[in-house]
Each structure stands twice: as structure tokens, then as C-alpha cells.
Amino acid sequence: LLHPFLLLIFSVPILWTSIPVQGLSIAYSAATLVAFFCALFCFSKHFSLPRALRTVPGHHFRDLFHFSLPLGILDVIQYTGSRLDVLILASFVSGQSLGIYFLAVEFANVIRKFRQICDPMLIPILSGLQHANQPARVQDNLTRAMRWILILGVAYVGIIALFGSTI
């Protein structure tokens, strides 16, 4: 969620410079680097970095690898598929238009992230209520969560509509 906002913060000032195309690539690299260090900082607040970087014993690593390999392959396929449009579009449009398209796609991805943020909290609650055979509470909790996701999405789009301009 931090990366698209950082991309916006770094991209907007660069659009007014004389190097907008190269500047967008610099902005993307800077946003990625800052997001990485923010993630590393948050990780180090909850976990010990030296302990996390130590080698995991062989049999545990093998089990972990076999468990996470299908998910890793799925993530690579999904990420490649989501960026395939950018690769195809690169052969038809200029670099500046491609950067604007990529920025628009990143803005659109933020709305999807609102729901993804709620999933780890909401799914265990809903599955527990479903297992306890309480469909009314499942519906109530799901309705409340979807209302907040919709409010956040509408607020996000409203902010972009109010403060954004045409390109």
C-alpha cells in the first residue's frame, strides 16, 4: 500500500522537470527503494534481523521450500501476467505514455489492496462463525467489512478526482 503512494510522491515533482521519461524510472526506483527500507524497518521492529538471516536447518528448509514452491510459482505467473500489458504496450506507445499508463494501473491497484488488507483479519472471523453455524453474524460482519472497504475506495477515488488533473 505504501509503494503506490511513494510512487505518486516521487513522480509528481519529476513531471515538471525536463526529463519526464527518465525521471519516472528514477521515481519508480526511488519509491521501490524507500518502500523496501520501510518494510525492513517494520520487520526489524517485530523480529530479529540477525536471527532471521541465519540459515534454517536443512530438513526444515526443505519442508518450507516444498510448501511454498506452488505459491511462489503462482505469484511469479500472476506478477508476469499483470505486467504483460505494460510489455506489450511498450512496443506501441512512447515511453512517456507508457509511464502514465503504468501510473494509472498502480492507482487502480490501490483499490484492490483495500480488500486485501482486510482478508487476513476477516477470513478467520468469518470461517469461525460459519463453522459455528451463525449465518446472521457472518452476513453482519461481511456487510460491515464491505461497507468500510467501499468507503475507503470511494474516498480514494474522490481524492484523485478532486485533486487530479488531466494529462
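Buried residues have under 20% relative accessible area, exposed ones over 50%, and partly exposed ones lie in between (1.4 Å probe, protein chains only). The model is predicted: local features need pLDDT of at least 70, side-chain atom pairs count only at pLDDT 80 or more, and totals for chains, interfaces and linings use all residues. Residues are numbered from 1 along each chain as its sequence is written, and side-chain values use heavy atoms, with hydrogens and water left out.

**Core**

A nonpolar core is a set of buried Ala, Val, Leu, Ile, Met, Phe, Trp, Tyr and Cys residues joined through side-chain atoms within 4.5 Å. The largest one has 8 residues: Leu 6, Leu 7, Ala 31, Ala 35, Val 86, Leu 98, Phe 102 and Leu 103. Helix 1 (2-15), helix 2 (20-46) and helix 5 each give two or more residues to this core. Helix 5 gives the most, with 3 residues. Helices (H or I, at least four residues) are DSSP runs, numbered from the N terminus.

Contact means heavy atoms within 4.5 Å. Not counting residues up to four places away in sequence, Phe 102 touches Leu 7, Tyr 28, Arg 83 and Val 86.

Glu 106 also lies in helix 5. Glu 106 counts as buried because its relative accessible area is 7%. Leaving aside neighbours within four places in sequence, Glu 106 is in contact with His 3, Pro 4, Leu 7 and Arg 83.

**Cysteines**

A disulfide is a pair of cysteine sulfur atoms within 2.5 Å. By this rule the count is 0. Cys 38 is in no disulfide; its nearest cysteine sulfur belongs to Cys 42, 6.7 Å away. Cys 42 is likewise in no disulfide, with the sulfur of Cys 38 the nearest. The table gives accessibilities for these and two further residues.

| Residue | Relative accessibility | Class |
|---|---|---|
| Cys 38 | 31% | partly exposed |
| Cys 42 | 45% | partly exposed |
| Leu 64 | 48% | partly exposed |
| Asn 133 | 62% | exposed |

**Surface and loop**

Leu 64 is found in helix 4 (residues 58-90). Phe 61, Leu 64, Phe 65, Leu 69, Ile 73 and Ile 77 make a nonpolar surface patch of about 580 Å². Patch residues have over 30% relative accessible area and no salt bridge; like charges are joined within 9 Å, nonpolar side chains (Val, Leu, Ile, Met, Phe, Trp, Tyr) within 5 Å. A salt bridge is a side-chain nitrogen of Lys or Arg within 4 Å of a carboxyl oxygen of Asp or Glu.

Asn 133 sits in the loop between helix 5 (95-131) and helix 6 (135-163). Its phi is near 60°, a positive value in a residue other than glycine.

Key:
Accessible areas come from the Shrake-Rupley method with a 1.4 Å probe; for residues, only the protein chains shown count as cover.
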